Amino acid sequence: MATLEVAGLRQIYGGRTVLSLETLAVEPGARLALVGPNGAGKSTLLRLLAFLESPAAGTISLEGHPVAGGAARRAARRRVTLVEQRPYLFRGTVAGNVAFGLRAAGLRDPAVEQRVRAALEKLQLQALALRDARQLSEGEIQRVAVARALATEPVALLLDEPASSADRAAQQAMFSALAEEQSRRPLTVVFASHMLEDAYRWADRLLALHQGLPSPVTPENLFRVDLPGGATMQRVAVGPLRIDVVSDRMGPATLAIAPDEIVLSAAPLQSSARNVFRGRIVRLAEHGAEMRVTIDAGIELVAIITRRSFDEMGLAVGGEVYASFKSVAVKVF
Amino acid sequence: MLVLLNTALAFPTVVIGLIIYGLLARRGPLGALGLLFTWQAIVVAEVILALPIATALSAAAVQAVDPRVRRTALTLGAGTLRTAWAVAREARFTLAAAVVVAFGRVLSEVGAALIVGGNIRHETRTLTTAITLATSQGNFSLAVGLGLVLLALALTVNVLIQLLQGRGDA
């Protein structure tokens, strides 16, 4: 039975539909990543899954039971916990923060203390237990918030952009704590990220959202491939193209090419880039000083270039360009 | 509702005194209670004076609390009461300020106390009405002395509130 299941879900803010999701089922122990640009509806979906707001239409079921009405949502919130993008720590100590949910669940002192200690240990925060929550770094705040959420032993943990503010070490601590927890019990984890790298490194499933809708195309140059293996330098088939990558892996994998690693030129480049493909511009989108150029080169590639270069090159939809990128720019997951 | 409350904030204390006088006067609607010119009447008047200030400032204090506080408390499984308590805890400095301001208004109030209390010696004479009387009788040194007592009282209460909020937690 799915931990969380969505049917015909719709959310509307001020007359505008911000999320529309027909179905979604997240199984126990799953690691689902929600990816997409800002404003895609990721945070809205997380708040709905956390039962913090009620949908304009549709139902969300928790462990097979549809959750509707204030009382049911209140009960469901005891089983699902959201860690916000910039988590809020209450005034007081770190330990006091971690104890909050336990006291809300009606636990008393010896039990609370023991669970707080265990939760802090999971995120290597024992040393900070008595520190003032207002005097922590961003990475520490993030970890305390995760410890506070895990202390209540939720069946599902939702994280909004867990990697955006925290430093690398804090992220590492957080993800390994979650993995550790999942090895102990079937904790369901759903997290939103605009960083695909994190999503691919950690998730076992990905839901791409775009303007509130599930997006059929994976965003930004992601390709499922079958690595031939045998050498560090490999040539992989992606549609009709052959892409050179550096990886010692073999078998099914995902390739990701960061859009800002792709160089566009009017003629084939004489450079160290091992991957050069000719294509036709099919879409253009403006983002401030940047242009997002989608090229059909047999597969669709997205490149981000500056507005200035775009103007100087005189690019337009239908025009022909060469896309080049180094084999080391291709990330293999 | 908020407009009414804000109007009540600026209500002249003498007018409040008059209204309550009208209500409590022997021929008034609440005259049967026999409260006029008793200390209980002063309490009623001061509560009516302090309530709008305390309410308006508390509402402002709670509204100013980060919306994440409520969401965080809820997602950690807190019920309505515990969530409200969490919000109030985060707003405790501004809430304390509301109490201090309301207390200040009551402490410094003369008009209503004079009208509904009647400034009866040993019965309904308050520090402020006593100061008013002493000054009008030309007993200036007594007035100043009582004024100092009043100031000391205000100081003491404020210090106590400060202590209650917990030190070191600026």
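This is a predicted model: local features need pLDDT of at least 70, side-chain atom pairs count only at pLDDT 80 or more; totals for chains, interfaces and linings use all residues.
Visitor: Is Glu181(A) buried or exposed?
Guide: The cut-off for buried is under 20% relative accessible area. Glu181(A) has 1%, whereas its salt-bridge partner Arg184(A) is partly exposed at 49%. Because its value is 1%, Glu181(A) is buried.

Visitor: Which residues are joined with Glu181(A) and Arg184(A) into one network?
Guide: Arg184(A) forms a salt bridge with Glu181(A). Asp311(A) also forms a salt bridge, with Arg307(A), the closest N and O atoms being 3.5 Å apart. Salt bridges that share partners join Glu181(A) and Arg184(A) into one network with Lys122(A), Glu153(A) and Arg185(A).

Visitor: How many residues apart are Glu286(A) and Arg307(A)?
Guide: Glu286(A) forms a salt bridge with Arg307(A), and their closest N and O atoms are 2.6 Å apart. The pair links distant parts of the chain, with Glu286(A) in strand β16 (residues 275–287) and Arg307(A) in helix α8 (residues 307–313), both of chain A. Their separation is 21 residues.

Visitor: Is Glu286(A) buried or exposed?
Guide: Exposed requires over 50% relative accessible area. Arg307(A), its salt-bridge partner, is partly exposed at 28%. Glu286(A) has a relative accessible area of 52%, so Glu286(A) is exposed.

Visitor: Where is Asp311(A) relative to Arg307(A)?
Guide: Asp311(A) is partly exposed, with a relative accessible area of 45%. It and Arg307(A) are four residues apart, about one turn of the helix. Both lie in helix α8 of chain A.

Visitor: What is phi of Phe51(A)?
Guide: Phe51(A) sits in the loop between α1 (42–49) and β4 (57–62) of chain A. With 1% relative accessibility, it counts as buried. Its phi is positive, in a residue other than glycine, and near 60 degrees.

Visitor: What is the phi of Glu153(A)?
Guide: Glu153(A) belongs to the loop between α5 (138–151) and β7 (156–160) of chain A. It counts as partly exposed, at 36% relative accessibility. Although Glu153(A) is not a glycine, its phi is positive, about 50 degrees.

Visitor: Which residue has its backbone oxygen 2.8 Å from a polar atom of the side chain of Arg185(A)?
Guide: Arg185(A) lies in the loop between α6 and β8 (188–193) of chain A and is buried, with a relative accessible area of 17%. Leaving aside neighbours within four places in sequence, it is in contact with Glu153(A), Pro154(A) and Val155(A). The backbone oxygen at 2.8 Å is that of Pro154(A).

Visitor: Which residues does Thr72(B) touch, not counting residues up to four places away in sequence?
Guide: Thr72(B) is in helix α4 (residues 67–75) of chain B. It is buried, with a relative accessible area of 4%. The residues touched are Glu84(A), Tyr88(A), Phe90(A) and Arg148(A).

Terms used: Residues are numbered from 1 along each chain as its sequence is written. Chains are lettered from A and ligands numbered from 1 in the order in which they are written. Side-chain values use heavy atoms; hydrogens and water are left out. Helices (H or I, at least four residues) and strands (E, at least two) are DSSP runs, numbered from the N terminus. Buried means under 20% relative accessible area, exposed over 50%, partly exposed in between (1.4 Å probe, protein chains only). Contact means heavy atoms within 4.5 Å. A salt bridge is a side-chain nitrogen of Lys or Arg within 4 Å of a carboxyl oxygen of Asp or Glu. A polar contact is a pair of N or O atoms within 3.5 Å; within protein, one must be able to donate a hydrogen and the other to accept it, and residues adjacent in sequence count only if both atoms are side-chain atoms.
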